[in-house]
Amino acid sequence: SPAPRRRSASPRAMTSPSEPRPNAPAPVFVEDVFLTDVFLIKGRLPNKQKRLTNLLEDHARRFLPVHDATLVSLRTREVIRTATVMVNVDEVVLAHELVDVAGDETLRRLAGPAAKSTRIRAFYNGQTQFEVAGQIEPGAYESQPGGRKWFVMQKPVVRGFDLQHADLAILKGLDYAILRRDRMAYVYDFG
């Protein structure tokens, strides 16, 4: 496999795709987004047969192969592009399926009649501190029967990053996010 290509977040790196650039990587189709303490990872999970929430809950899989991956450093904004990166599921704080190829029942339920929800602000205290605020089912951040590690937040608002940066702007305006319960340091529950 070829070595990852590194690019800094210089003005040249942020030029529009319509401007020709020598040796520019071909545009890739981003299906999935993962946020860790260190990187925002964009790409696609190959041969996805089930919804992303189930893939994340699958204890048999320790690493997820993200193809056509773009990694953006949350601290330096350095951009790394690689054919494949293996992402440890335990490092993922937030995930989102931009293209729902496996039929996410949770999204269908959320899009249905308004269920009871509560507003929270969840803070993550890792190498990069950030916050996610939005609507959840009451108590969804608490341990649940069956040991599920993830819960869904509607209309998340991510704070703590420069979301004007072209590579991080994907975090603006998500309709939902899949969040890991045990990665939260503090929660303000307004319910």
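Modeller: Helices (H or I, at least four residues) and strands (E, at least two) are DSSP runs, numbered from the N terminus. In this predicted model, the chain holds two helices and 11 strands.

Colleague: In what order do the elements of the chain run from the N terminus on?

Modeller: The order is β-β-β-α-β-β-β-α-β-β-β-β-β. Two conventions apply to what follows. Residues are numbered from 1 along each chain as its sequence is written, and side-chain values use heavy atoms, with hydrogens and water left out. As the model is predicted, local features need pLDDT of at least 70 and side-chain atom pairs count only at pLDDT 80 or more, while totals for chains, interfaces and linings use all residues.

Colleague: What pLDDT does the chain average?

Modeller: pLDDT is the predictor's confidence in each residue, from 0 to 100. The chain averages 81, and 76% of the residues score at least 70. Over residues 1-22, however, the pLDDT is below 50.

Colleague: How many of the residues of the chain count as buried?

Modeller: Buried means under 20% relative accessible area, exposed over 50%, and partly exposed in between (1.4 Å probe, protein chains only). Of the 191 residues of the chain, 41% are buried by this rule.

Colleague: Where is Gln 144 found, and with which residues is Gln 144 in contact?

Modeller: Gln 144 belongs to the loop between β8 (129-136) and β9 (150-159). Its relative accessible area is 32%, so Gln 144 is partly exposed. Contact means heavy atoms within 4.5 Å. Leaving aside neighbours within four places in sequence, Gln 144 is in contact with Gly 139 and Arg 181. From C-alpha to C-alpha, Gln 144 and Arg 181 are 9.9 Å apart, although 37 residues apart in sequence.

Colleague: How many aromatic pairs does a search of the whole structure find?

Modeller: Rings of Phe, Tyr and Trp (its six-membered ring) pair if their centres lie within 6.5 Å; planes under 30 degrees apart count as stacked, over 60 as edge-to-face and the rest as tilted. The search finds three pairs. One of them, Phe 123 with Tyr 188, is edge-to-face, at 5.5 Å centre to centre and 85 degrees between the planes. Phe 123 lies in strand β7 (residues 118-125) and Tyr 188 in strand β11 (residues 186-189), so this pair ties together parts 65 residues apart in sequence.

Colleague: Why is the pair of Phe 130 and Phe 161 tilted?

Modeller: The ring centres of Phe 130 and Phe 161 are 5.0 Å apart and the planes stand at 40 degrees, so the pair is tilted. Both Phe 130 and Phe 161 are buried. Ring pairs also link Tyr 124, Phe 130 and Phe 161 into a cluster.
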